[in-house]
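Subject: Structure handover

Hello,

Here is the structure I said I would pass on. My notes on it follow below.

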Amino acid sequence: MTSKSVSADRSNPSNWTLTNKRREAIAGYLFLVPYLFFFLVFLAGPVISAFVTAFVEWELLRGTYRFIGLENFQLIMEDDLFWIALGNSLYFATMTTVGNVIVALCAALALKSIRLGHTLFRVVMYAPVVLSISVIGIVFSRLLAPFGLLNAGLELFGHDGFNYLADPNLVLPSLSLTTIWWGFGFPMLIFLAALYAVPEALYEAARIDGAGRWQILWQVTLPLIRPALLFIIVTQFIAHIQVFGQPYIMTNGGGPGYSSYTIVLHIYRNAFSYYHMGYAGAMALSLGVVMFIFALVQFRLLGRYTEY
């Protein structure tokens with residue numbers, strides 16, 4: 001290639017544009033490398049490993065590792081404790097999800113109507129979310145103790161109080177209320193953002209037509225924030241069915257008896273107390289199937305009314 005052709009090639013703007021695009025693409029891929037690395041090592045890798053583990057017999061203490069097919073899943077069907085734990089987890093997740101949706105939506109509606117001190121109230125309501133489960137567990141264990149602050153308040157009204165964390169009928173509702181207080185701040189912000197996205201003209205039109213507050217809520221607000229509602233229900237249920245820290249800290253690992261024993265506690269004990277890694281992997285995969293089915297049902301029920 002002659003010097004004249006080289007200079008002409010360099011002077012062609014299209015060649016420079018192509019080079020710049022390639023440089024931008026390379027830079028983009030380089031920025032993705034750290035994320036892809038952590039995704040493969042800490043997410044995709046463990047998921048694939050857990051899937052494989054569900055079909056093997058892996059006894060850490062014996063050092064055995066062999067493929068056994070569906071035997072782990074057959075053991076699950078015969079494990080009464082698994083079904084007790086799954087039932088407790090479903091009960092807790094349902095209560096907590098419903099409670100979080102109601103409390104978060106009411107808080108978001110209240111914050112939207114407040115004009116003075118809006119930012120302060122929003123920060124105060126969101127603040128419990130930043131606390132760790134260890135802090136929440138220890139504080140509420142003291143609060144719900146037989147001689148705790150809550151029973152002390154009831155004694156002022158002549159009531160002896162309750163043993164919240166030692167009563168099989170009260171322990172899961174108590175853990176649920178604790179979790180609702182701890183975590184309603186995040187769905188509250190999602191609801192608040194969705195409420196601000198609703199055009200004020202629709203509210204004005206509804207008021208002109210004579211609609212009251214409840215009619216506006218049911219016929220205007222809720223239909224228009226349904227995408228946020230779907231997101232919150234699905235994510236909250238998936239998060240709460242995996243409850244571990246609350247019963248582990250507050251009820252000594254699932255007490256009294258097995259009344260607060262959850263599926264993740266059962267997986268944890270089989271994996272790290274009994275070292276049955278294959279069986280724990282099968283239970284984890286089964287839990288994933290339960291969460292997938294729930295999410296699919298919610299998308300069928302609410303998603304068909306939602307436009308994305």
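Contact here means heavy atoms within 4.5 Å. On that basis, residues 24 or more positions apart account for 68% of the contacts in the protein with a separation of 6 or more.

The model is predicted: local features need pLDDT of at least 70 and side-chain atom pairs count only at pLDDT 80 or more, while totals for chains, interfaces and linings use all residues. Residues are numbered from 1 along each chain as its sequence is written, and side-chain values use heavy atoms, with hydrogens and water left out.

Overall form

The protein has 15 helices and 2 strands, these being DSSP runs numbered from the N terminus (helices H or I, at least four residues; strands E, at least two). Its radius of gyration, taken over C-alpha atoms, is 27 Å, well over the 19 Å from the globule rule for 308 residues, so the protein is more spread out than a compact globule. The globule rule is 2.2 Å times the number of residues to the power 0.38. Along the principal axes, the C-alpha atoms fill a box of roughly 100 × 75 × 35 Å. Of the 308 residues, 36% are buried (under 20% relative accessible area, with a 1.4 Å probe and protein chains only).

Helices α14 and α15

The axes of α14 (residues 263-272) and α15 (residues 277-302) come within 8 Å and cross at roughly 160°. Axes are lines fitted to C-alpha atoms over the stretch in contact, and angles run from 0 to 180 degrees between N-to-C directions. The two helices are therefore roughly antiparallel (an angle over 145 degrees). On the α14 side, the contact is made by Ile263, Val264, His266, Ile267, Asn270 and Ala271; on the α15 side, by Met277, Tyr279, Ala280, Met283, Ala284 and Leu287. By class this contact has 10 nonpolar, 2 polar and no charged residues (Ala, Val, Leu, Ile, Met, Phe, Trp, Tyr, Cys and Pro are nonpolar; Asp, Glu, Lys and Arg charged; the others, Gly among them, polar).

Two residues

Val264, in α14, counts as buried at 18% relative accessibility. Leaving out residues up to four places away in sequence, Val264 touches Ile241, Gln242, Val243, Phe244 and Leu287. The C-alpha atoms of Val264 and Phe244 are separated by 6.0 Å, with the two residues 20 apart along the chain.

Thr97 lies in helix α4 (residues 80-113) and is buried at 5% relative accessibility. With residues up to four places away in sequence again not counted, Thr97 touches Ile233, Gln236, Phe237 and His240.

Regards

How values were computed: Angles under 35 degrees count as roughly parallel, over 145 as roughly antiparallel, 65 to 115 as roughly perpendicular and the rest as oblique. Buried means under 20% relative accessible area, exposed over 50%, partly exposed in between (1.4 Å probe, protein chains only).
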